[in-house]
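Visitor: I have a chain open on my screen and would like to go through it with you, one question at a time. Could we look at it together?

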Amino acid sequence: CHSPECARCTHHDGLNQKLYHNLQEYAKRYSWSGMGRIHKGIREQGRYLNSRPSIQKPEVFFLPDLPTTPYFSRDAQKHDVELLERNFQTILCEFETLYKAFSNCSLPQGWKMNSTPSGEWFTFYLVNQGMCVPRNCRRCPRTYRLLGSLRTCIGNNVFGNACISVLSPGTVIAEHYGPTNI
């Protein structure tokens with residue numbers, strides 16, 4: 001990313017104050033051991049550049065001592081999974097309303113096109129880098145409120161994202177890593 005507004009990218013020299021502050025605020029909501037891990041991660045970023053597990057290669061911030069599991073079991077996220085399942089029809093209804101706009105123009109307002117080797121990948125952010133996207137949230141108000149009920153959503157942190165993705169048939173997304181392994 002080369003955006004000057006991006007609070008989490010490496011074009012800033014190391015971790016800037018806003019990023020550090022947001023990580024501290026996030027950790028306060030959890031345990032002191034979590035806070036300690038965040039402090040350790042910030043202190044030792046350089047050391048982790050060459051020793052990261054192969055499945056965890058975040059672009060900006062590596063939090064040490066997290067399991068290298070490609071996915072977590074349903075039981076590990078039971079509250080959130082069940083909440084999303086119960087509200088599937090609500091989310092689907094708001095998505096279908098958004099998706100109808102695709103037939104009216106090439107890139108509807110609020111959608112972003114991502115770079116892919118082939119095909120098309122569109123995203124509609126409700127939360128981007130920890131910030132609510134007000135215009136988009138007004139178009140999906142029930143889905144946005146639902147995000148606030150999820151225990152695992154880190155929407156108020158610069159690493160927090162919540163979006164709807166649409167891929168055209170045959171789209172290939174290149175292997176990539178997010179900004180953090182959190």
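Visitor: In which strand does Val 166 lie?

Guide: This is a predicted model, in which local features need pLDDT of at least 70 and side-chain atom pairs count only at pLDDT 80 or more, while totals for chains, interfaces and linings use all residues. Residues are numbered from 1 along each chain as its sequence is written, and side-chain values use heavy atoms, with hydrogens and water left out. Strands are DSSP runs of E with at least two residues, helices are runs of H or I with at least four, and both are numbered from the N terminus. By that numbering, the strand of residues 162-167, which holds Val 166, is β4.

Visitor: Is Val 166 buried or exposed?

Guide: Buried means under 20% relative accessible area, exposed means over 50%, and partly exposed lies in between, using a 1.4 Å probe and protein chains only. Because its relative accessibility is 10%, Val 166 counts as buried.

Visitor: Leaving aside neighbours within four places in sequence, which residues is Val 166 in contact with?

Guide: Contact means heavy atoms within 4.5 Å. With neighbours within four places set aside, the contacts of Val 166 are Phe 95, Tyr 99, Trp 111, Glu 120, Trp 121 and Phe 122.

Visitor: Where is Gln 129, and what is its phi?

Guide: Gln 129 is placed in the loop between β2 (121-128) and β3 (131-132). With a relative accessible area of 18%, Gln 129 is buried. Its phi is positive, in a residue other than glycine, and is near 55 degrees.

Visitor: Why is α5 described as oblique to α7?

Guide: Axes are lines fitted to C-alpha atoms, for helices over the stretch in contact, and angles run from 0 to 180 degrees between N-to-C directions. The axes of α5 (residues 88-100) and α7 (residues 141-149) come within 8 Å and cross at roughly 135 degrees. Therefore α5 is oblique to α7, since angles under 35 degrees count as roughly parallel, over 145 as roughly antiparallel, 65 to 115 as roughly perpendicular, and the rest as oblique.

Visitor: Which residues of α7 do those of α5 meet?

Guide: From α5, the residues involved are Thr 90, Ile 91, Cys 93 and Glu 94. On the side of α7, they meet Pro 141, Arg 142, Thr 143 and Leu 146.
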